[in-house]
Structures are given as structure tokens and as C-alpha cells.
Amino acid sequence: MTPEDLKGLIRSIPDYPKPGIVFRDITTLIGHGEGFAATIDCLAQRAASAKAQAIAGIEARGFIFGAAVAASLSIPFVPLRKPGKLPVPVLAMDYALEYGTDTLEIDPGGIADGQRIVLVDDLIATGGTANAAAELIRKAGGILEQALFVVDLPDLGGAGRLAANGMDVQSLMSFPGD
Ligand code: AMP
């Protein structure tokens, strides 16, 4: 399947979760077996080129793609979790949302010093979530040179912000104008 075919499997919901936002829904992509497999193959090829030694994924949709990529490369998966979910002392990072803040947490024992990590999430918009994830991975001792997304919303500038923070940012498709 081509990237254009994969883009055609994304469901776009106008005015969700609020007026003016077009929600780019990956449910229909992962609900298509061949499309899901092709997506994981594309992401895994890129992570392999970056010589990933582990994949980090952001809860919750980043788990779907990140865990599958890690399994396909037979390398570890490191979850970046919502607060209060990990049963061990964590490293935590707050980040700004459009309204209010949120927090991500990581088990620092999940990453070895100097381990090459590739970050995976479903979508990059402003980049706030991914930048917080990047900070945590680096604080835990990981080397983070690449961030992979299925969808980029380029008008929101997140990919540029991550690139300015020293990452090779790649996505399989983009929706300009969002
Ligand atoms: P951000 O921190 O602004 O880059 O937002 C990224 C996170 O918010 C991703 O993990 C997405 O799951 C979600 N998200 C933001 N905007 C959208 C959108 N238009 N459609 C679907 N998911 C979105």
C-alpha cells in the first residue's frame, strides 16, 4: 500500500472534540489489517535505519504503533505513561495543553544509559506532548535522535519544534491546513 492509500484510511471528524478542530482518527487505519501492517512496516524501517535499540511510545495511541514496531524489530518497548500508573518511583514531566497542563511519567529503569531510543506516537500537532516525552527519555539516560509519527499537522509547528530540539522528525502523512 502507498502512503496515499494509508492516508485514505484515516477518518476525519470535523468539529471534534470542539468546534474548529478536525480530528484525524486512526481507528479506521488500525481497523484495516493490511493498512495497519503496512503502517508498522514503514515505521519499523525508519526506526531500523536510525539504529533504534528500543522504542518509546506515548500513552495511549502511541502504544498501539510503538509496541507493534518494537515487536517487529525484536527490541524493547518503553511506555511513557499518564500519571499514577507506574508502580515504581518515576521521572515526571508536566507540559502545557491548549487549556491547562498534563503530565507524562517514565520508569527510569526502563532505559539503559546511552541506549538509542526512537519515539513513536500517532500524531504530532503542537509538539508539546512529544517534547515532554523527549525530555523524559533524555533524563532517563536515553539518546533520542529520531521521533516517528503516523500523522503530522504541519501548520501547528510541532515537527519544527522537535527538530529544533535535536531530533530527526518523520511522519508517514501530513494534513496541511489543519
Ligand atoms: P500535541 O501535544 O499538540 O502535539 O498533541 C499531540 C497529541 O494530541 C497526539 O498524541 C494526538 O493523539 C492528539 N491530537 C492533537 N490534535 C489532534 C487531531 N487534530 N486529531 C487527532 N488527535 C490529535
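Trainee: Which side chain meets Asp-178 in a salt bridge?
Mentor: That would be Arg-24, with an N to O distance of 2.7 Å. Keep in mind that this is a predicted model.
Trainee: Is Arg-24 buried or exposed?
Mentor: Arg-24 counts as buried, because its relative accessibility is 12% and the cut-off for buried is under 20%. Asp-178, at 26%, is partly exposed.
Trainee: How many salt bridges does a search of the whole structure find?
Mentor: Five. Another one joins Glu-59 to Arg-81, with the closest N and O atoms 3.1 Å apart. Glu-59 is in the loop between β3 (54-58) and α4, and Arg-81 is in the loop between β4 (77-80) and β5 (91-96), 22 residues apart.
Trainee: And what is the relative accessibility of Glu-59?
Mentor: Glu-59 has 16%, which counts as buried. Arg-81 has 21% and counts as partly exposed.
Trainee: Which residue does Arg-61 meet in a salt bridge?
Mentor: Asp-122, at 3.5 Å from N to O. This pair links helix α4, which holds Arg-61, with strand β7, which holds Asp-122, and the two are 61 residues apart. Asp-122 is buried at 7% relative accessible area, whereas Arg-61 is partly exposed at 35%.
Trainee: Okay, switching to the core. Which residues touch the most other members of the largest nonpolar core?
Mentor: Ile-55, Phe-65 and Val-118, out of 26 residues in that core. Among the elements that each supply at least two of its residues are α4 (61-73), β7 (116-124) and β8 (143-152).
Trainee: Which element gives the largest share?
Mentor: α3 does, with five residues.
Trainee: What does Val-118 touch, leaving out residues up to four places away in sequence?
Mentor: Its contacts include Ala-47, Ala-50, Ile-55, Leu-144 and Leu-148. Gln-146 is on that list as well.
Trainee: What else lies apart from this core?
Mentor: There is another core, of 25 residues, including Ile-58, Ile-117, Leu-136 and Met-167.
Trainee: Great, thanks for walking me through it!

Definitions and conventions
Residues are numbered from 1 along each chain as its sequence is written. This is a predicted model: local features need pLDDT of at least 70, side-chain atom pairs count only at pLDDT 80 or more; totals for chains, interfaces and linings use all residues. Side-chain values use heavy atoms; hydrogens and water are left out. A nonpolar core is a set of buried Ala, Val, Leu, Ile, Met, Phe, Trp, Tyr and Cys residues joined through side-chain atoms within 4.5 Å. Buried means under 20% relative accessible area, exposed over 50%, partly exposed in between (1.4 Å probe, protein chains only). Helices (H or I, at least four residues) and strands (E, at least two) are DSSP runs, numbered from the N terminus. Contact means heavy atoms within 4.5 Å. A salt bridge is a side-chain nitrogen of Lys or Arg within 4 Å of a carboxyl oxygen of Asp or Glu.
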